Amino acid sequence: MNDRMRKRLEITALSLPALIMFVGFVIVPVIMAAYYGFYRWKGFGQPSVNGQFIGLQNYGMILTDPNFHDALKHTLLVMVASLIIQGPLAILFALLLNQKFKGRAIIRTLIFVPYVVSEVIVGTAWSLMLQSTGAVNALLNSIGLPGADWIADPNIAFWTLMFIISWKYIGFAVILMIAGMQSIPEELYEAAMVDGAGFWRRQWSITLPLLGPTIRIWAFMSIIGSLQLFDLVYIVWGQYVAGTAGTSTMATYMVREGRLANNYGYGSAVAVVIFIISLAIALTYQRLVLNRDLDGAITTARGEKERRRKERDRALKHGGGDGGDAAIASEVAGQ
């Protein structure tokens, strides 16, 4: 068995379990949901027996339902607002926490804690504090400021949601940014300092460009998370308030119109539509943004491989000379 065949077998053996899991837990459920979406079905028994085949009627209702249009609009607003709010704040916090000062480790831990806390706990805690008679309004009243209906007021509720989302998830973005900053060579900053560049100039000219791949990966993960947003909205705003308050999402719409309405066929159709929208956005982002990083990595790897090959050939060509050349040849050939 040659090396190429052995490598293919190793790749197949290592990727097969993941492929089986992906097909079993992603592809098959999507196909089944698309099948259920063709029926008016209450969720028990087989759709072909206990349901009614209605073709594309469920999908047509989704596309014409103004409530779904609102949920889609709210989801896209959350996606854009998350990028605009969390991105700059995460970079600023990361720049601060990447400096050496006393208590840095404690602050890093504290800013990351909300991310690891369960959405149920976060949603329950904030829903209690943001009630009309909750702790937030009580604090504002104690200092002479009027309170507000943070949850039900359509003019405020969306920004309340964005505050909760940013409070919970910005820690993850900060940790990613810090990891990206620590991979930047210190020699670049030292050279810029020698040239007279100040702190902010170094961050603008060195940190931000080299942090680009990390920012783009975080943005992709934030986009996917926004499209799947459900827990916090459902816990804080409940089943029906989210729609009137302007915080409903595609996922809360799916649960409300599917499971809670005992119409699992329609809910399955909504799930398929959400999957298609998410897939289209993800593929578009990958093609327009992430492929640049992938192409750059491939080009760099190919250039490095070509450079090593030339060094090896040159070392082997002169390897018959003195012992130093032979040692160089041996070292480069081992790369």
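**Note on helix packing, cores and a salt bridge**

1. Arg256 is buried, with a relative accessible area of 14%. The model is a predicted one.

2. A salt bridge joins the side chains of Arg256 and Glu257, at 3.3 Å from N to O. By the rule used, the count comes to one salt bridge. Side chains of opposite charge can pair when their charged atoms come close.

3. Next, the helix pair. Two packed helices are described by the angle between their axes and the distance between the axes. For helix α3 (residues 57–64) and helix α4 (residues 66–97), the angle is about 65 degrees and the axes lie 5 Å apart. On the α3 side the contact is made by Ile62, Leu63 and Thr64, and on the α4 side by Pro66, Phe68 and His69. Of these residues, four are nonpolar, two are polar and none is charged.

4. In soluble globular proteins, nonpolar side chains tend to be buried together. Here the largest nonpolar core has 34 residues, and Ile62, Phe68, Val174, Met177 and Val270 have the most contacts inside it. Two or more residues each come from α3, α4, α8 (157–182), α11 (212–227), α14 (250–257) and α15 (264–317). The largest share, nine residues, is from α15.

5. Which residues does Ile62 contact, leaving aside its neighbours within four places in sequence? They are Phe68, His69, Tyr266, Ala269, Val270 and Val273.

How values were computed. Residues numbered from 1 in each chain as written. Predicted model: local features only at pLDDT ≥ 70, side-chain atom pairs only at ≥ 80, totals over all residues. Heavy atoms only, no water. Axes fitted to C-alpha atoms, helices over the stretch in contact; angles between N-to-C directions. Helix = DSSP H or I, 4+ residues; strand = E, 2+ residues; numbered from the N terminus. Contact = heavy atoms within 4.5 Å. Nonpolar A, V, L, I, M, F, W, Y, C, P; charged D, E, K, R; others polar. Salt bridge = Lys/Arg side-chain N within 4 Å of Asp/Glu carboxyl O. Buried < 20%, exposed > 50% of the residue type's maximum accessible area, 1.4 Å probe, protein only. Core = buried A, V, L, I, M, F, W, Y, C linked by side-chain atoms within 4.5 Å.
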